[in-house]
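Dear colleague,

I am handing over the structure below, and after it I set out what was found.

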Amino acid sequence: MIFNVYACYDSAVGAYGRPFVLQSDGQAKRNVLDAALHQDTEINKHPEDFVLFNLGGYDDGRSEE
């Protein structure tokens with residue numbers, strides 16, 4: 001299965017947060033929006049500082065020989 005690796009860049013800190021792996025851009029956007037609505041997150045407190053990036057992908061399957 002092919003997965004995508006995502007991370008949110010925090011412009012106030014000047015660094016990316018911990019990367020996370022999901023199947024689609026839609027899932028990643030939904031997860032970040034959910035975090036933005038949760039009052040105990042940095043994304044909720046300072047949403048203007050965060051940008052979601054797709055860092056790349058990988059296939060967890062083995063090639064058939």
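Phenylalanine 53 is partly exposed, with a relative accessible area of 33% (buried means under 20%, exposed over 50% and partly exposed in between, with a 1.4 Å probe and protein chains only). Please keep in mind that this is a predicted model, in which local features need pLDDT of at least 70 and side-chain atom pairs count only at pLDDT 80 or more, while totals for chains, interfaces and linings use all residues. Residues are numbered from 1 along each chain as its sequence is written, and side-chain values use heavy atoms, with hydrogens and water left out.

The aromatic pairs come to 4 (rings of Phe, Tyr and Trp, the last by its six-membered ring, pair if their centres lie within 6.5 Å; planes under 30 degrees apart count as stacked, over 60 as edge-to-face and the rest as tilted). One of them joins tyrosine 9 and tyrosine 16 edge-to-face, at 5.0 Å centre to centre and 65° between the planes. Tyrosine 16 also forms an edge-to-face pair with phenylalanine 53, at 5.7 Å centre to centre and 70° between the planes. Because tyrosine 16 lies in strand β2 and phenylalanine 53 in strand β4, this pair ties together parts that are 37 residues apart in sequence (strands are DSSP runs of E, at least two residues, numbered from the N terminus).

As for accessibility, tyrosine 9 is partly exposed at 26%, and tyrosine 16 is partly exposed at 45%.

Best regards

Methods
Helix = DSSP H or I, 4+ residues; strand = E, 2+ residues; numbered from the N terminus.
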